[in-house]
Amino acid sequence: YLGCTYKDMGRDLDAIDAFLRATSLFPDTTNKYYAFSQFELGRLYSSHLMLTPAQNALKNYKNYASLSNDSLEMSYADYYLGMVYVSKGDSEKGRASYRSLLANGKAGINEKGFALFQLSKIALLYDKDYDLAMDYIDQYFALSDNLGNFGSALSIKGQIYENMQKYDSAYHYFQLSLQSNSEDIYTKCSNYKHLNYIASKLNRYDSVYDYTERYTVLLDSVYARTHRSEIKELMANHTIELHDREMAE
């Protein structure tokens with residue numbers, strides 16, 4: 001619970017430290033709070049681009065969901081594991097996770113919408129199947145009509161048009177994405193990177209410098225948010241604590 005409180009306060013490093021300590025205190029790995037601690041660790045690692053630790057933690061959580069035969073928890077596991085697989089470049093495992101989620105009767109509309117969004121990314125980035133990517137993202141918009149912010153999905157649609165060399169349409173959707181009031185710094189950073197390229201294709205040379213500057217500033221912010229070295233230090237300290245405890249016992 002302390003880890004959850006820290007996470008809600010935006011104190012991710014303290015949250016990771018608390019969750020790591022929690023995982024070593026439960027009587028066994030079948031305890032549901034052990035599984036929830038692994039789930040929260042997986043989400044936090046993922047948000048800081050620590051993909052291998054995120055994958056390991058989320059697999060532990062999925063094992064609990066499988067043993068408990070809990071379809072709702074399984075949908076959450078597939079949701080976040082799929083995201084990690086895609087980020088690591090493992091498109092096949094990512095695709096399998098999201099198809100499993102779509103077939104899960106307990107999965108909510110948010111999770112199913114996200115699955116369609118990620119399947120569109122896989123078709124775009126890994127399969128180079130732009131028609132299929134467009135079909136998935138249009139399904140996302142149809143399913144998620146009442147979910148609000150579409151910034152990331154609009155950006156994906158822009159990337160699809162960019163790869164189809166329909167630069168006017170791509171420019172339009174990247175601009176719409178920026179106007180969607182999205183607070184997602186990663187999407188904004190990506191938008192400016194693509195707009196920099198497209199502006200040159202459309203002879204909008206007066207905009208290229210501005211897009212480059214905005215992309216560079218946001219990229220620095222993205223790197224600053226990862227805290228990889230601090231998280232690795234927390235993980236190392238936790239391992240040392242466990243070793244010292246075993247030696248003492």
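**Figure 1. Asn56 in helix α4.** Asn56 lies in helix α4 of this predicted model. The structure shown in this and the following views is predicted, not experimental. With a relative accessible area of 43%, Asn56 is partly exposed. Gly42 stands 14 residues from Asn56 in sequence, and the two C-alpha atoms are 7.6 Å apart in space.

**Figure 2. Helix α5, residues 71-88.** The 18 residues of α5 span 25 Å from the first C-alpha to the last, close to the 26 Å expected at 1.5 Å a residue. After α5 comes Gly89, with a positive phi near 90°.

**Figure 3. Buried residues of α5 and the helices they pack against.** The buried residues of α5 include the tyrosines Tyr79, Tyr80 and Tyr85. Also buried in α5 are Glu73, Met74, Ser75, Ala77, Asp78, Leu81, Gly82, Val84 and Val86. The helices against which the buried residues of α5 pack are α3 (32-47), α4 (51-68), α6 (91-102) and α7 (109-125).

**Figure 4. Crossing of α5 and α7.** The axes of these two helices come within 10 Å and cross at roughly 20°. α5 is therefore roughly parallel to α7, since angles under 35 degrees count as such. Their crossing is left-handed. On the α5 side, the residues in the contact are Tyr76, Tyr79, Met83 and Val86. They meet Asn110, Glu111, Phe114, Gln118 and Ile122 in α7.

**Figure 5. Ala96 in helix α6 and Asp78.** Ala96 is found in α6 and counts as partly exposed, at 47% relative accessibility. The C-alpha atoms of Ala96 and Asp78 are 8.8 Å apart in space, while the two residues are 18 residues apart in sequence. Asp78 is one of the buried residues of α5.

**Figure 6. Packing of α8 against α9.** Helix α8 (residues 130-143) and α9 pack at an angle of about 160°, and their axes are 10 Å apart. The angle makes α8 roughly antiparallel to α9, because the cut-off for that class is over 145 degrees. α8 passes α9 in a left-handed crossing. From α8, the residues in the contact are Tyr130, Ala133, Met134, Ile137, Asp138, Tyr140 and Phe141. Their counterparts in α9 are Ala153, Leu154, Ile156, Lys157, Ile160, Tyr161 and Asn163.

**Figure 7. Surroundings of Gln159.** Gln159 belongs to helix α9 (residues 151-163). Its relative accessible area is 11%, so Gln159 is buried, the limit being under 20%. Leaving aside residues up to four places away in sequence, Gln159 touches Leu124, Leu125, Phe174, Ser190 and His194.

Figure 8. Lys128 sits in the loop between α7 and α8. Asn203 is placed in the loop between α11 (185-201) and α12 (205-226). Asn203 is exposed, with a relative accessible area of 54%.

Terms used:
Residues are numbered from 1 along each chain as its sequence is written. This is a predicted model: local features need pLDDT of at least 70, side-chain atom pairs count only at pLDDT 80 or more; totals for chains, interfaces and linings use all residues. Side-chain values use heavy atoms; hydrogens and water are left out. Helices (H or I, at least four residues) and strands (E, at least two) are DSSP runs, numbered from the N terminus. The expected span of a helix is 1.5 Å times one less than its number of residues. Buried means under 20% relative accessible area, exposed over 50%, partly exposed in between (1.4 Å probe, protein chains only). Contact means heavy atoms within 4.5 Å. Axes are lines fitted to C-alpha atoms, for helices over the stretch in contact, and angles run from 0 to 180 degrees between N-to-C directions. Angles under 35 degrees count as roughly parallel, over 145 as roughly antiparallel, 65 to 115 as roughly perpendicular and the rest as oblique. A crossing is left-handed if the near helix is turned anticlockwise from the far one by less than a right angle, and right-handed if clockwise.
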